[in-house]
Amino acid sequence: MPNPTHHIDESPIRFDRLVQSLPNWLQRFLPIGGGIAHDHHGKGMFGVTVFLMSESLVFLSFFFTYIALRLTHSNWLPPGVKGPELSKFIIINTVVLLSSSFVIQAAENALKRQKIIRFRWLWALTSGMGIYFLVGVAIEWSNLNFRLTEGLMGGTFYLLTGFHGLHVLTGILLQLLMLARSFIRGNYNKSHFGVSATTLFWHFVDAIWVVLFSLIYLWPP
């Protein structure tokens, strides 16, 4: 009687062998296991990757719209408006957010080695760095001399930074949820899919900010 937990692979290309030939860092994002139905972690990470790809398309549409508007409108800044400017405060805020990617990855690695206490401290530190970034964005908004209705520049700036800030907030909430689950005895003994998915999402959020930072602060008006 055939094993019900396996799917029969009749394709000429052995997907399992193809996946095994890929680098280890890439294998984590693909449904590995050669069609084994109980490989929930691999299939789950593949689903998260597809979701983030769809989110990337949304951000790309915003980026190309911003670039097109910048290139086709000579009067980008309304009269009397300076626009967002690169400052020491913005640089520090950016460094904090990007550094959090290294911290959250170290936290996930600690969990893989079953060092739960170290995981909790690093994971909480990542959340704190994300909160610091959001507070910094709020402070910057309060000090700007333009609002959402101040022409194309105002609308695109608040849309881009606000949409990204919403993703940062989502990442922080997911981190707090994963941190709370770490206090359930034995919860991460067999699987830590939620932690891996949250880590990948956070890397995505940081990568998006690199593009936003370049478009908004490194492209002079």
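How many helices and strands does the protein have? There are 7 helices and 0 strands, where helices (H or I, at least four residues) and strands (E, at least two) are DSSP runs numbered from the N terminus. This is a predicted model, in which local features need pLDDT of at least 70 and side-chain atom pairs count only at pLDDT 80 or more, while totals for chains, interfaces and linings use all residues. Residues are numbered from 1 along each chain as its sequence is written, and side-chain values use heavy atoms, with hydrogens and water left out.

View 1. Reading from the N terminus, the elements go α-α-α-α-α-α-α. Of the 221 residues, 39% count as buried (under 20% relative accessible area; exposed is over 50% and partly exposed in between, with a 1.4 Å probe and protein chains only). Take the contacts (heavy atoms within 4.5 Å) with a separation of 6 or more: 74% of them come from residues 24 or more positions apart.

**View 2. Helix α4 against helix α7.** Residues 88-112 make up α4 and residues 193-217 make up α7; the two pack at about 160°, axes 10 Å apart. Axes here are lines fitted to C-alpha atoms over the stretch in contact, and angles run from 0 to 180 degrees between N-to-C directions. The pair is therefore roughly antiparallel, the label for angles over 145 degrees. Among the residues making the contact are Leu97, Ile104 and Glu108 of α4, with Trp202, Trp209 and Phe213 of α7. By class, the contact has 11 nonpolar, 8 polar and 2 charged residues (Ala, Val, Leu, Ile, Met, Phe, Trp, Tyr, Cys and Pro are nonpolar, Asp, Glu, Lys and Arg charged, and the others, Gly among them, polar).

**View 3. The Glu108 and Lys112 pair.** Searching the whole structure turns up 1 salt bridge, meaning a side-chain nitrogen of Lys or Arg within 4 Å of a carboxyl oxygen of Asp or Glu. Glu108 and Lys112 form a salt bridge, with 3.9 Å between the closest N and O atoms. Both sit in α4, 4 residues apart, or about one turn of the helix. Glu108 is buried at 0% relative accessible area, whereas Lys112, at 47%, is partly exposed.

**View 4. Around Arg181.** Arg181 belongs to helix α6, residues 151-181, and is partly exposed at 32% relative accessibility. Setting aside neighbours within four places in sequence, Arg181 touches Asn187 and Tyr188. Val195 is 14 residues from Arg181 along the chain, and their C-alpha atoms are 9.9 Å apart.

Methods:
Angles under 35 degrees count as roughly parallel, over 145 as roughly antiparallel, 65 to 115 as roughly perpendicular and the rest as oblique.
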